[in-house]
Structure formats: structure tokens, C-alpha cells
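Have a look along with me.

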Amino acid sequence: MSISFIRKAVILSASSGLLAGCSEAVDEPTLGSAQAEITLGSHVGGITDADFAEARDNFLLGENIDDGVGPVFNETACGACHTLGAVGGSGEQIERRFGRVSNGVFVSLAGEGGSLRQLKTLGSFNNGTRTCTVALEREPADATVHNVGRLTTPLFGLGLVDAMPDSFFTQLANAEPAEVRGIVKTAAVLLPNPRDASQGIGTVRVARFGWKDDISNLATFAADAYKNEMGITTQHCFRGQSITAFATESAPNGIAQPAGCDDLAPPAPAGVPAGTDDAVGPCASGQTEIQEDIQNFINFMTFLAPTERDLSDAAAVNAGAPVFNRVGCNGCHVTTTFRTPNPAPNGVPGNFAFNPFSDFLVHDMGALGDQIGNDGDSVAVTRRMRTAPLWGIRFRNHLLHDGRTGDVTTAILAHDGQALTSRNAFNQLNATDKHNLVQFVRSL
Ligand code: HEC
Ligand code: HEC
């Protein structure tokens, strides 16, 4: 999509700016971040205000069937879901997944549209030659894992996480107590970030994004979300190679739509898979070109600033910090200060200190595990979840992967598996310690 269209198009409104409750730097808390004050929803260094504003507008842009939305989708703008606190925040949308466990092994039922069940369809429309009808996705009869919720996660500060080297996460895992130690999950980069010279097509990297750490860089997440959340397929060039991993339209419940019935985007140029909604075209030797919307999403997420601490309830926050450690929350929600490499490979500031309160590793969460996996995963593997980063949690109104609660205490009490000991220790705290611990969590 061209920039001129973006200017004309409707920009969804979303709240931005500082929220009430963000205090000026009070006393540095026991576990404070070293950075100067940053406005929520603004950007860190490495991008101009104008480029960030353009990227953010693209993230907010509502698209439609003529742009390639469909055949099935969840929403029509990234910014329609990532809304809370500021553009790029968490959201209220809870997506749905299904699957099947067969002989003790997870099957995604990809041939029947799994594991993601998109919640919207283009329905019936005329493409100029015929009437097309796209049925709404349903759970197929052979699914045994049903209607699993996946809450929209916040994107603040994730460019800093993207900048961290694999070795950092491995070291975090090695330093964790054996009973709670997380597992380093890896995934191949399907769309490299051209800014980061260490990334190529297929580079295996520590997976750090999504509730289950399925994706290893923000660029791949952007193209994946454009396709799976909005139904917009893209093709890119990287060092002369055409990337078509996101070029094929979803087949609702496994049913490929007849030609011309996936949406009303103009046909893809020659040399590009049919059905690609936004293509850069055949790749000349050595050419690197990321499709423009995706490049904007990458720019927006890479430079989106992290949240700040809220120290307004300083007494409770300071009293709660040691309790957090004493009951073992820090075994997974590590209090380690992260620091970006200098220079950072993706262009964010080097030596930038931040505290996401997550190891970005997956842990066996027992009954809290969502039982969704990749094809071939054992049931035990499907119980693994990424330690949810706790920074900015006060801007959220739903918690846990399925958004089942908005209450921090309830979220803690749902912890199981490797977190059971910690949950039990929390349960045995007196009311004051519990209160202070929750206030500490809400200050992060
Ligand atoms: C329908 C709502 C919806 C839309 C639209 C949407 N997202 Fe998301 N987003 C989610 C949900 C739900 C998750 C959690 C997915 C998971 O892990 O299973 C998520 C997670 C992410 C993450 C991972 C963050 C983390 O915590 O690691 C990134 C990155 C992301 N989205 C980017 C985008 C981009 C870019 C777009 C637009 C192309 C987009 N999203 C559109 C709902 C949405
Ligand atoms: C063994 C690792 C582990 C320990 C120990 C642990 N957590 Fe968690 N925590 C997780 C994981 C994994 C999730 C994500 C759960 C999910 O997918 O629903 C999570 C989620 C959360 C959430 C919800 C965040 C969100 O984004 O929805 C809160 C709040 C939380 N933990 C607080 C705590 C507190 C407080 C303690 C100590 C009492 C604690 N956790 C101990 C691993 C752990």
C-alpha cells in the first residue's frame, strides 16, 4: 500500500500520552530502571519523530477488502487490538485456538484451518465476475483441545528485547534454580530484519515473542500478524531471495477459496505467488526490500519505548520488592537488569538498561498451560508458557494467556507446575505482605 493511500485512509483513534498515576522519578526503588523518563507510547532513540509517526499511523491504519483483508481475519488494523495505555499496548481481544491430541502428540489440524481460528470472515461479496462466499471458521469435529483463548499482549519495549543476543537468554536459564529453570526455545527467522546484520533467512535464534515463544524476531511477527490477524499476505526480497512464507492466503477450515475470492486486492505481479496482496515483486540479485507496511510495523515496534515504573505507592512498593523475591517470583520474572549491546544490532540505543521482569523462557505451567503446541509436541511440551513480562502491567485489564482475570492475585493463584511452590509461598503470606507484593507488581 502506498503512502498516499495511508494519508487518505481512516486512522483509528487511540489514546496516547502519559497516563495518570505515572509519577516523576521518586526515590529509586530497590528494583528500578536506570532510564530517564519516557512518555508512554513514544519512541526511544534511533528513529526520527517523523518516521516514528509514519510507522505508528501505518500500525493504526484500518484496511479493507480492497487492500487484501480476508478471506478470514480477526481485525482490520494492528492498532485495533494493541490499544491499552497507548498505541502498541495490550488489548481486550482474545483470540481462539484449537487442536487435537492424538497418541499423546499435538496435531495443529493445519489442514482444517488450525490452530488459529479466525473470528471474522468477508462473508458474501461480488468480485465483479461472481459472488464469493467465505464461511466463518469453526472448530472441526476432530478437535480435542477446544476454544483456547490468547489475549493481546503489549508491545512496549520489545525492540529492546529483540536486540538481545541469544547468549543472554541462555545465561538467564543457567542461572535459574533447577526447580523453576526455564527452557530456551529457538525458532528460525522467516523474515530477517535488514537492520540486524546477524539475521538471515532461516537463522535460528532464541524465540522470545508470543505467549509461547514461537517467534524469534519482530519482523517475522509483523508479517505473520499481517497475514493471520488481518488476512493481508506479503512478499519481500532479502539479499536477492524472494520471501514467500507469508504470501499464501489462509484457507478457512482448510478450504482454499476459488481464484479471485480471497479478497479484492489487485492481482500479484508476475513472478510472485498468486494471492499475494502486497508484493515487492521479483528480487534482483542482492536486492533487499521489505514490503512497506511490514517495514513500518517493524519500525514502530522496534523503537516503541518501554513502560516506566509507577512509584506513587512507594512505601508498599519498597516493602513488596523483597517479598517478590522471597516467594520466588523472581525465579522466572527475573529482576535482572537487561542492557542492550552497544551498538545494538537493530538500531535501538546501545547500553540501554531495562527491566521487563521476564526471562522470556518457557516453563511447565501445569494446569495453567494452554495445551496448544506445534505439530509433534508432547502433551508436556504443550503446557509450557513464556514467563509473561510484568512491566506495564498496570495498563492492562486482562491477565494470563486467556485473559481470564484482571486481578493480579487471581493470576498468581492460577500459577501451577514449576510455579506451584511460589504460588503456595504467596498463599502463606500475611495480608500485608500480599498487599505489598501486589502493589510492587503493579508498579513495574
Ligand atoms: C485481532 C487482534 C490483533 C491484531 C489485529 C493484531 N494483534 Fe498482535 N497480538 C494479538 C494477540 C492475541 C497476541 C498474542 C498472540 C500469541 O502469542 O498467541 C499478539 C501478539 C503480538 C506480538 C508479540 C508480542 C509479545 O508479547 O511477544 C507482536 C509483535 C504483535 N502482536 C504485532 C502485531 C502487528 C504488527 C499487528 C498488525 C500487523 C498485530 N499484532 C495485529 C492480537 C492482535
Ligand atoms: C515457574 C515460573 C514462574 C514463577 C515462579 C512465577 N511466574 Fe508468574 N508467570 C509465569 C508464566 C509462564 C506466566 C504466563 C502464564 C500464562 O501463560 O497464562 C506468568 C504470568 C504471571 C502474571 C500475569 C501476567 C500477564 O501478562 O497476564 C502475573 C501477574 C504473574 N505471573 C505474577 C507472578 C508472581 C507475583 C509470582 C510470585 C508469587 C510469579 N508470577 C511466579 C511464570 C512464573
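How do the residues of the shell around ligand 2 divide by class? I counted 18 nonpolar, nine polar and one charged. A reminder to myself before going on: this is a predicted model.

**Entry: ligand 2**

I looked up what surrounds ligand 2 and found 28 residues, the closest being Cys-329, Cys-332, Met-385, Ala-388 and Leu-399. Next I asked which elements supply them. Strand 17 (384–386), helix 10 (408–413) and helix 11 (420–427) each supply at least two residues of this shell. Helix 10 gives the most, with three residues.

**Entry: helix 6 against helix 7**

The crossing is right-handed. On the helix 6 side, I listed Leu-218, Ala-219, Ala-222, Ala-223 and Tyr-226; helix 7 brings Asp-293, Ile-294, Phe-297, Ile-298, Met-301 and Thr-302. The residues of this contact divide into nine nonpolar, one polar and one charged.

**Entry: helix 2 against helix 7**

Helix 7 (residues 292–303) also meets helix 2 (residues 49–60), with axes that come within 8 Å and cross at roughly 115°. How do helix 2 and helix 7 lie to each other? They are roughly perpendicular, because angles of 65 to 115 degrees count as such. This crossing is left-handed. From helix 2, I wrote down Asp-51, Phe-52, Glu-54, Ala-55, Arg-56, Asn-58 and Phe-59, which meet Asp-293, Asn-296, Phe-297, Asn-299, Phe-300 and Phe-303 in helix 7. By class, the contact has six nonpolar, three polar and four charged residues.

**Entry: strand 2 and its partners**

I followed strand 2 (residues 94–102) next. Strand 2 pairs with strand 8 in the antiparallel sense over five bridges. Three bridges join strand 2 to strand 4 (residues 115–117), again antiparallel. Which residues are the bridge partners of Arg-96? In strand 8 the partner is Gly-149, and in strand 4 the partner is Arg-117. Strand 2 also runs antiparallel to strand 3 (residues 105–107), joined by three bridges. There, Val-101 stands opposite Phe-106. The hairpin of strand 2 and strand 3 has two residues between the strands, and Asn-103 in this hairpin takes a positive phi near 55°.

I found an open sheet of three strands in the order 12-11-13, with mixed pairing. Strand 12 (241–243) and strand 13 (278–279) stand at the edges with a single partner strand each, so one side of each is left without a neighbour in the sheet. Strand 11 (residues 234–238) pairs with strand 13 in the parallel sense over two bridges. In that pairing, Thr-234 stands opposite Asp-278.

**Entry: backbone checks**

I finished with a pass over the backbone geometry. A cis peptide bond joins Gly-70 and Pro-71, with omega about 10°. Pro-71 sits in the loop between helix 2 and strand 1 (72–73). The bond from Asn-342 to Pro-343 is cis as well, with omega near 0°. Pro-343 lies in the loop between strand 14 (338–339) and strand 15 (353–354). Last, I flagged Gln-371, which has a positive phi of about 65° although it is not a glycine. I placed Gln-371 in the loop between strand 16 (362–364) and helix 9 (379–382).

Terms used:
Residues are numbered from 1 along each chain as its sequence is written. Chains are lettered from A and ligands numbered from 1 in the order in which they are written. This is a predicted model: local features need pLDDT of at least 70, side-chain atom pairs count only at pLDDT 80 or more; totals for chains, interfaces and linings use all residues. Axes are lines fitted to C-alpha atoms, for helices over the stretch in contact, and angles run from 0 to 180 degrees between N-to-C directions. Helices (H or I, at least four residues) and strands (E, at least two) are DSSP runs, numbered from the N terminus. Angles under 35 degrees count as roughly parallel, over 145 as roughly antiparallel, 65 to 115 as roughly perpendicular and the rest as oblique. A crossing is left-handed if the near helix is turned anticlockwise from the far one by less than a right angle, and right-handed if clockwise. Two residues are in contact if their C-beta atoms, placed from the backbone, lie within 7 Å. Ala, Val, Leu, Ile, Met, Phe, Trp, Tyr, Cys and Pro count as nonpolar, Asp, Glu, Lys and Arg as charged, and the others, Gly among them, as polar. Two strands pair if DSSP finds at least two bridges between them. A residue is near a molecule or strand if its C-beta atom, placed from the backbone, lies within 6 Å of it.
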